[in-house]
Amino acid sequence: MTLLSVQDLKLEYDGRIILDGVSFDLAQGELKVIMGPSGSGKSTLLRCLNRLATPTGGRVVFEGRDVLGPGVDERALRQRIGFVFQNFALYRHLTALQNVTLALRHLRRMPAAEADERALRQLARMDMQAHAHKYPAQLSGGQKQRVAIARALAMDPAVLFFDEPTSALDPLMSREVVNILHQLRDERVSMLCVTHDLYLARAAGGRVMFLDEGRIHAEGEVDELFGPNADPRVRAFFHQELRQAQTAPPIDVAQPMDQAQPAGPSGPAGLAER
Amino acid sequence: MSFLQILLQLAGGVGYTIMVTVACSLTGVVVGLGVAMLSRIGPPWLRGLLGAFTFIFRAVPVLVLLFIVFFGLPNAGLRVPPLVAMMLSLGVIAGAYLAEVFRGAFDSVDASEVLAAEAMGLSRFQILRLIEIPQMLRFAVPGMINEFTTVLKYSPFAYTVGIPDVMKEAMSLSATTLRGVEIYLAVGIIYFLIYKLLVTGVWALEKRTRIPGLTG
């Protein structure tokens, strides 16, 4: 059964064509990967589907309803779609548990005890229940990503969108994300994942679409897409990514991610002087 | 009359000084928060209007606005009690400055968190209330302390509209004893102590609500 159907989706911004007629279907319980170089329109594509961005043409049908038409309840639509961001986007002033309960409390109007119980179940599903009361700054990159996924799952969405889920993670932690994708796929969670990470695209094990310059140039199983008869664009991208991987400095997998990140703002800018 | 007696005599006005400072600071927080919030989520024309408000009220001298409110409004048939006049002048001017402090602090909230909240299906107002304001207020503490201190130091203007604060006590005392230097030295010490109390109080509150990794 088709859950999401995208037909000839177009987006033009400032005279630039970002999406140039993208079409694909996502079936119930399917995992699909959209791969492509930076600037190919991958993230924008996801954002058009939950109306964080407004396409200039095409049709998106989600759960049998036209998503782009007038009179669509955007907030209700977004509650049906779990979104996982590349930089985790956890709320830094809330604990892991509070991050997961937020939508349950304020969108579902669930009593605190019930929301906590449900959130703890989702955190346990991501093996994060032991860290429920920690703040984002006290978690490693991979742990933050697990909380972000638990948060997205808490509302029982019809589909999960992943926007570059491994780009802020080191290889060891990227493997964790792949394991989670496999776990969720086995639980028949519908997922759409955009990435430029070749490792993720191959290891996720879903059907892969190759997006470049706002168009899907190739689609297939991993082996077809990366095999000897690969599309020249895919091959060029593949070689470029491989070269970058070879010239990149080695990554110290023992170091937690958040130690490598710059500290957050310690105070406001723009204090007025009298 | 010993220095200690002078201090004790002046202490009678401390309550009024604190009352004026707290009332004007709170007015400033309410005005500043309102302006900063509306500029963040309001339509462009409202933003322009609020920008003009902060621009103008940061430019007007406190004493000028105080006299306009206290002596001018009665001409228009509005009698304004002294404390309210202070709140409408010093308090509103503090609000214009705090609006800028809050604007800067709002800009320190990570845009990706706001986007994530939008993607979750929260309304713009919910995002403001649940994500942005709780973080913003923590970022704004140093700027708020600055502003509260300024309000404290402008509070002596209260004596010009008849509030018997520390300054008023000092002026009467100085007129009867002619020991101006000692008296105003004592006034300085009293203001320093109030300042110390204020700063300690705000930082204690900040420490109690501190979140690991969010601020310093």
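In which sense do strands E3 and E9 of chain A pair, and over how many bridges? Strand E3 (residues 31–35) and strand E9 (residues 207–212) of chain A are parallel and share four bridges. The legends below begin with the sheet that holds these two strands.

This is a predicted model, in which local features need pLDDT of at least 70, side-chain atom pairs count only at pLDDT 80 or more, and totals for chains, interfaces and linings use all residues. Residues are numbered from 1 along each chain as its sequence is written, while chains are lettered from A and ligands numbered from 1 in the order in which they are written.

**View 1. The six-stranded sheet of chain A.** Six strands form an open sheet with mixed pairing, in the order E6-E7-E8-E3-E9-E10. Helices (H or I, at least four residues) and strands (E, at least two) are DSSP runs, numbered from the N terminus; two strands pair if DSSP finds at least two bridges between them. At the edges are strand E6 (81–84) and strand E10 (215–220) of chain A, each pairing on one side only. Direction ignored, neighbouring strands of this sheet are turned by 20 degrees against each other on average. Met35(A) stands opposite Phe210(A), a residue of E9(A). Helix H6 (residues 171–186) of chain A lies across E3 and strand E8 (191–195), at about 160 degrees to E8(A). Such angles run from 0 to 180 degrees between N-to-C directions, and axes are lines fitted to C-alpha atoms, for helices over the stretch in contact. Two residues are in contact if their C-beta atoms, placed from the backbone, lie within 7 Å.

**View 2. The four-stranded sheet of chain A.** This open sheet has the order E2-E1-E4-E5 and antiparallel pairing. Strand E2 (16–27) and strand E5 (65–66) of chain A are at the edges with a single partner strand each, so one side of each has no neighbour in the sheet. Strand E1 (residues 2–13) and strand E4 (residues 57–62) of chain A run antiparallel and are joined by five bridges. Gln7(A) has Arg59(A) in E4(A) as its bridge partner. Across E1, E2 and E4 of chain A lies helix H1 (residues 42–49), at about 65 degrees to E2(A).

**View 3. Where chain A meets chain B.** On chain A, 31 residues are in contact with 36 residues of chain B. Helix H2 (74–79) and helix H3 (96–106) of chain A each supply at least two residues of the side that touches chain B. The largest share of that side, four residues, comes from H2(A).

**View 4. Helix H9 of chain B.** The 12 residues of H9 (residues 166–177) should span 16 Å at 1.5 Å a residue, and the end C-alpha atoms are 16 Å apart, which agrees. The expected span is 1.5 Å times one less than the number of residues. Among the buried residues of H9(B) are Val166(B), Met167(B) and Leu173(B); buried means that 20 or more other C-beta atoms, placed from the backbone, lie within 10 Å of the residue's own. Their cover includes helix H1 (3–11), helix H2 (14–41) and helix H10 (180–208) of chain B.

**View 5. Confidence in chain B.** The mean pLDDT (the predictor's confidence in each residue, from 0 to 100) of chain B is 93.

How values were computed. A residue is buried if 20 or more other C-beta atoms lie within 10 Å of its own, exposed if 12 or fewer, and partly exposed in between; C-beta atoms are placed from the backbone.
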